[in-house]
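Student: I would like to learn how to read the surroundings of one residue in a model. Please show me the structure.

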Amino acid sequence: MRRLVIAATGSGAGKTTVTLGLMAAFKQKGCIVQGFKCGPDYIDPTYHTAVTGRPSRNLDSWMTGTEMVRTVLANGCEGADIAIIEGVMGLFDGKQPLSDDGSTAEIAAITKSPVLLVVDCSGMARSAAAIVRGFQTFHPDVHIAGVFANRVGGEGHFRLIQAAVEQMCGLPVVGFLPKDDALSLPERHLGLVPSVERGELDSFFAELGRKIAAAVDWETLLSIAEAPALAPSAPLIRPSRLYRARVAVAKDAAFHFYYPENLEILSACGAELVYFSPLAGEPLPDEVDGLYIGGGFPEEFAAELARQTAVKQSIRTAIERGLPTLAECGGFMFLTERLMTADGTEYEMAGVIPGRVVMQRKLAALGYREVHGRKGNFLLPEGERARGHEFHYSTYEPRGDVPFAYETSGRLGAKPDGYLAHRLVAGYVHFHFASAPAMVERWLSECEKVKHDG
């Protein structure tokens with residue numbers, strides 16, 4: 001199975017641009033391309049999916065463990081000609097400075113995938129070889145197979161870099177892109193994702209693919225992408241039994257941050273997933289036994305969501321009657337009473353959770369979370385743990401004392417977090433179900449009780 005990890009010397013070197021360009025170029029050549037992203041990020045996989053036409057998947061050793069990383073890679077690659085795995089930050093940057101935990105390098109080592117190192121070559125020539133040599137010798141289990149020279153002054157500049165790197169490092173420099181603001185993605189943020197999904201950047205991706213195709217040595221690129229065979233595909237979970245439950249999943253431009261494996265684990269446990277769009281005015285589907293409202297950005301569509309009175313009423317009534325519900329980040333925001341956008345305008349949300357969320361002009365939280373269950377949490381009881389991630393620009397302002405759903409711990413310490421009521425577990429954390437498969441079985445068991453009681 002051909003595959004490449006697209007890594008960089010640091011954030012901002014252009015690995016996302018190179019990743020998307022290679023994906024588009026391979027697609028234009030008739031290849032079936034599978035995208036992956038190192039780490040928990042939802043935004044880059046959205047771009048991958050738009051370019052390749054296949055759901056991109058996250059490879060995250062901290063949240064899921066090393067064996068699950070291999071399983072997700074093998075399962076995702078079925079039917080593909082090549083896998084392109086986009087790294088995160090610099091190649092060796094991870095959770096802490098003294099290990100490779102959570103880094104692109106760790107994913108490359110776990111999956112035995114060759115690395116294409118993207119180097120920002122502006123303002124240098126022979127020095128590029130020194131940088132590459134340092135990365136090349138830093139970790140014996142990480143195989144840097146080639147180099148991509150980004151932001152060069154032109155083909156002449158590229159030839160200088162190519163000669164230096166190939167002489168001093170023995171690595172092929174397989175291609176280049178010139179300095180060109182037109183080749184840079186718009187500033188990446190949550191609000192850009194809807195435009196990607198509406199196809200507004202399709203022409204940009206296509207042109208990027210054509211420019212990459214013209215500047216790459218394809219024979220060499222394909223040769224360095226050769227990698228050891230992947231393990232056979234395997235089940236994500238082996239449930240103790242199959243459950244009979246219909247789970248409604250909110251899925252539209254406002255709510256669509258779901259790890260594909262989360263939905264696949266629900267299905268593997270027997271759940272029938274029923275998708276609906278709150279944004280389009282679709283109320284909670286009839287005869288469902290559970291509800292999953294994932295992340296996204298309700299703030300981008302606050303006015304439209306506020307107008308969906310019937311949708312909000314159907315969800316509020318069902319939750320208050322005890323429908324087993326998980327709401328993550330954007331879903332949590334939607335279930336509060338009001339959402340205040342960055343311009344100070346307030347919009348009425350579903351009104352299940354007392355209080356409001358207020359959008360900030362800078363990032364409010366970012367990072368991995370270890371989640372510890374609390375008494376009364378049907379998904380994650382006291383003594384149980386799961387792992388997840390937070391990334392949001394809003395803060396929650398509760399109205400009065402609220403019951404916490406769990407305790408989270410991260411880089412800045414531990415705190416009670418989330419909201420718990422009825423059979424609702426809500427909060428900013430995006431859970432990865434592979435970190436605690438038992439929570440899925442507990443959820444579906446509760447869903448069956450609803451079916452039985454109904």
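Student: Leaving aside its neighbours within four places in sequence, which residues is D60 in contact with?

Tutor: Contact means heavy atoms within 4.5 Å. By that rule, and with those neighbours left aside, D60 is in contact with G39, P40, G65, V69, I107 and Y368. This is a predicted model, where local features need pLDDT of at least 70 and side-chain atom pairs count only at pLDDT 80 or more, while totals for chains, interfaces and linings use all residues. Residues are numbered from 1 along each chain as its sequence is written, and side-chain values use heavy atoms, with hydrogens and water left out.

Student: Is D60 buried or exposed?

Tutor: Buried means under 20% relative accessible area, exposed over 50%, and partly exposed in between (1.4 Å probe, protein chains only). D60 is buried.

Student: Which backbone nitrogens does the side chain of D60 reach?

Tutor: The side chain of D60 reaches the backbone nitrogen of W62 at 3.1 Å. The backbone nitrogen of M63 lies 2.9 Å from a polar atom of that side chain.

Note on methods: Lys and Arg count as positive and Asp and Glu as negative; His and the chain ends are not counted. A salt bridge is a side-chain nitrogen of Lys or Arg within 4 Å of a carboxyl oxygen of Asp or Glu. A polar contact is a pair of N or O atoms within 3.5 Å; within protein, one must be able to donate a hydrogen and the other to accept it, and residues adjacent in sequence count only if both atoms are side-chain atoms.
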